[in-house]
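I opened a new model today and kept notes as I went. Here is what I looked up, entry by entry.

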Amino acid sequence: MILQTGLRTDISAFYSRWFANRLQAGFVCVRNPYNPVSVTRYTLAPDVVDLIGFCTKNPAPMFPYMDLLAPYGQY
């Protein structure tokens, strides 16, 4: 699975702590914008996520969490 971050929100710049917490927890829940009752839980384990893509103008807030990203491929 490819996890693309930053298309709707700059996660690296504004939500780096939240993203680090999600990586440590090993999952993230995503609400369907067209059906708010529908929530999907995605596993963020390194054996499931092949690549994490970051789209950001400010990667600096993510630097303290680089050790959490080591098991994942990144671009």
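My notes cover a pocket, a core, a helix and a strand residue.

**Entry 1: the pocket**

I noted at the start that this model is predicted. I then looked for the largest pocket. Its volume is about 590 Å³. I listed its lining and got 20 residues. Leu3, Gln4, Ile11, Trp18 and Val30 lie nearest the centre of the pocket. Next I checked which elements give two or more residues to the lining, and found β1 (2-5), α2 (16-25) and β2 (27-32). β2 gives the most, with four residues. I also sorted the lining by class. I got 13 nonpolar, four polar and three charged residues.

**Entry 2: the core**

I turned to the largest nonpolar core. It has twelve residues. Among them are Leu3, Ile11, Phe19, Leu23, Val28 and Leu44. I also wrote down Val49, Ile52, Phe54, Met62, Leu69 and Tyr72. The elements that give two or more residues to this core are α2 and β4 (51-54).

Leaving out residues up to four places away in sequence, Val28 touches Trp18, Arg22, Thr40, Arg41, Tyr42 and Leu44.

**Entry 3: helix α2**

Which residues of α2 are buried? I found Ser16, Phe19, Ala20, Arg22 and Leu23. They cover an arc of only 160° around the axis, so they sit on the same side of α2. I recalled the general rule: an α-helix has 3.6 residues a turn, so residues three or four places apart point the same way.

What covers the buried residues of α2? The cover includes β1, α1 (11-14), β2, β4 and α3 (66-69). I then checked the face of α2 turned away from its buried side. That face carries the exposed residues Arg17 and Gln24. Just after α2 comes Gly26, with a positive phi of about 90°.

**Entry 4: Val30**

I went back to Val30, one of the residues nearest the pocket centre. Val30 is in strand β2.

Beyond its neighbours within four places in sequence, Val30 is in contact with Ser38, Val39, Thr40 and Tyr42. I took the distance to Thr40 as well. Val30 and Thr40 are ten residues apart in sequence, and their C-alpha atoms are 5.2 Å apart in space.

Key. Residues are numbered from 1 along each chain as its sequence is written. This is a predicted model: local features need pLDDT of at least 70, side-chain atom pairs count only at pLDDT 80 or more; totals for chains, interfaces and linings use all residues. Side-chain values use heavy atoms; hydrogens and water are left out. On a 1 Å grid over the protein atoms alone, a cavity is a set of points where a 1.4 Å probe fits but cannot get out, and a pocket is an open set with protein on both sides within 12 Å along at least five of seven lines; lining residues have an atom within 4 Å of a point. Grid points are joined across faces, edges and corners, and a volume is the space filled by probe spheres set on the points. Ala, Val, Leu, Ile, Met, Phe, Trp, Tyr, Cys and Pro count as nonpolar, Asp, Glu, Lys and Arg as charged, and the others, Gly among them, as polar. A nonpolar core is a set of buried Ala, Val, Leu, Ile, Met, Phe, Trp, Tyr and Cys residues joined through side-chain atoms within 4.5 Å. Buried means under 20% relative accessible area, exposed over 50%, partly exposed in between (1.4 Å probe, protein chains only). Contact means heavy atoms within 4.5 Å. The arc is that of the directions from the helix axis to the C-beta atoms.
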